[in-house]
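Welcome! Please have a look at the sequence and the structure, and then read on.

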Amino acid sequence: MTKKLIAGNWKMNGSLAANEALVQALLAGLAANAALCDVAVCVPTPYLAQLQALLSNGGMALGAQDVSAFEGGAYTGEVSVSMLKEFGVRYCLVGHSERRLYHGETDALVATKAQRVLAAGMTPIVCVGETLAEREAGRTEEVVKRQLAAVISANGHCVSEIVVAYEPVWAIGTGKTASPEQAQQVHAVLRAQLQAASAHADRIQILYGGSMNAANAHSLLAQPDIDGGLIGGAALKAADFLTIIAAAQ
Ligand code: PEP
């Protein structure tokens, strides 16, 4: 059985004071009930140094929300994998739907970013997911397979080192969650695609993301191919995030 991963995506939220309060509450909760799953928080870039210090005794892994596809140089505003690495980053989201939607990120760009993260010895959390229009047109499977295929073809056998997050776009930040059955159906498709690409696919964690919360986490995480969660809104509330972590045990 794959160890579960619960990763928080703080998006563009936080402040030095709020981050400290949230992390201290999470660390206290984790110390009281040792987590049997992997836990990570993906934070805005300016807070990486603060989080690196706050997490120096372990408890949770540090994640970033995006990275440049370039190694370095004249790319104003971009952040490279080596910069992330200096701050102790272990995970990096790539291809989050908000990056695809608001920043025009293509499947090819996402695949290159995943490649950069892997080459730096970190773990990309590759986000895939269909829009509502695509689901209603019966194109869910085709869309998520196309998005994942780009990452598989760019990364070859290293694909067994990635984490995948299935995040139906219509469920992100909307309060609408995919039912456990809807999510499991897509996770099984992604698992089969990974199995066809890698002999080690069974160890790849496939997370569900999209309005996962304290109330629905248990039923989603009980599905055979749901190996954890990528949590947005509920990751900003210590009690909710801790409840989701407990549901993953
Ligand atoms: C996300 O941002 O990846 C996400 C899943 O957000 P939410 O949990 O708020 O839907």
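In what follows, helices (H or I, at least four residues) and strands (E, at least two) are DSSP runs, numbered from the N terminus. The model is a predicted one, in which local features need pLDDT of at least 70, side-chain atom pairs count only at pLDDT 80 or more, and totals for chains, interfaces and linings use all residues. Residues are numbered from 1 along each chain as its sequence is written, and side-chain values use heavy atoms, with hydrogens and water left out.

## The barrel

Let us begin with the strands. Eight of them close into a barrel, in the order E1-E2-E3-E4-E5-E6-E7-E8, with parallel pairing. On average, neighbouring strands of this sheet are turned by 25° against each other, direction ignored. That angle is taken between axes, which are lines fitted to C-alpha atoms (for helices over the stretch in contact), and angles run from 0 to 180 degrees between N-to-C directions. Two strands count as paired if DSSP finds at least two bridges between them.

Some of these pairings are listed here, each with one residue pair that faces across it.

| Parallel pair | Bridges | Residues opposite each other |
|---|---|---|
| E1 and E8 (residues 228-231) | four | Ala7 and Leu230 |
| E4 (residues 89-94) and E5 | four | Tyr91 and Thr123 |

How many residues of strand E5 are buried? Here buried means under 20% relative accessible area, exposed means over 50%, and partly exposed is in between (1.4 Å probe, protein chains only). In strand E5 (residues 123-128), six of the six residues are buried, so this strand is largely enclosed by the rest of the structure. In a regular strand the side chains alternate between the two faces of the sheet. Thr123, Ile125 and Cys127 point one way from E5, while Pro124, Val126 and Val128 point the other way, and all are buried. Strand E7 is covered on both faces as well: Ile206 and Tyr208 are buried on one side, and Leu207 and Gly209 on the other.

## The ligand and its surroundings

Which residues are closest to the ligand? They are Lys11, Glu167, Gly173, Ser211 and Gly232, and in total 14 residues surround the ligand. A residue is near a molecule or strand if one of its heavy atoms lies within 4 Å of it. By class, this shell holds four nonpolar, eight polar and two charged residues. In this scheme Ala, Val, Leu, Ile, Met, Phe, Trp, Tyr, Cys and Pro count as nonpolar, Asp, Glu, Lys and Arg as charged, and the others, Gly among them, as polar.

In the side chain of His96, an N or O atom is 2.9 Å from a ligand oxygen. The backbone takes part too: a polar backbone atom of Gly173 is 2.7 Å from an oxygen atom of the ligand, and a backbone N or O atom of Gly232 lies 2.8 Å from a ligand oxygen. Taken alone, the ligand exposes 290 Å², and the protein buries 96% of that. Accessible areas come from the Shrake-Rupley method with a 1.4 Å probe; for residues, only the protein chains shown count as cover.

Most residues other than glycine have a negative phi, and most peptide bonds are trans. Lys11, in the loop between strand E1 (5-9) and helix H1 (16-32), has a positive phi of about 50° although it is not a glycine. Ser211, in the loop between strand E7 (206-209) and helix H9 (217-221), has a positive phi of about 55° and is not a glycine either.

Finally, let us visit the helices. Gln193 is found in helix H8 (residues 180-197) and is buried, with a relative accessible area of 15%. A polar atom of the Gln193 side chain lies 2.9 Å from the backbone oxygen of Lys145.

Gln147 belongs to helix H7 (residues 140-155) and counts as buried at 5% relative accessibility. Its C-alpha atom is separated by 8.1 Å from that of Gly129, 18 residues apart along the chain.

Is His218 buried or exposed? His218, in helix H9, is exposed, with a relative accessible area of 54%. The C-alpha atoms of His218 and Ala248 are separated by 7.1 Å, and these residues are 30 residues apart along the chain.

Methods: Polar contact = N/O pair within 3.5 Å; in protein donor to acceptor, adjacent residues only side chain to side chain.
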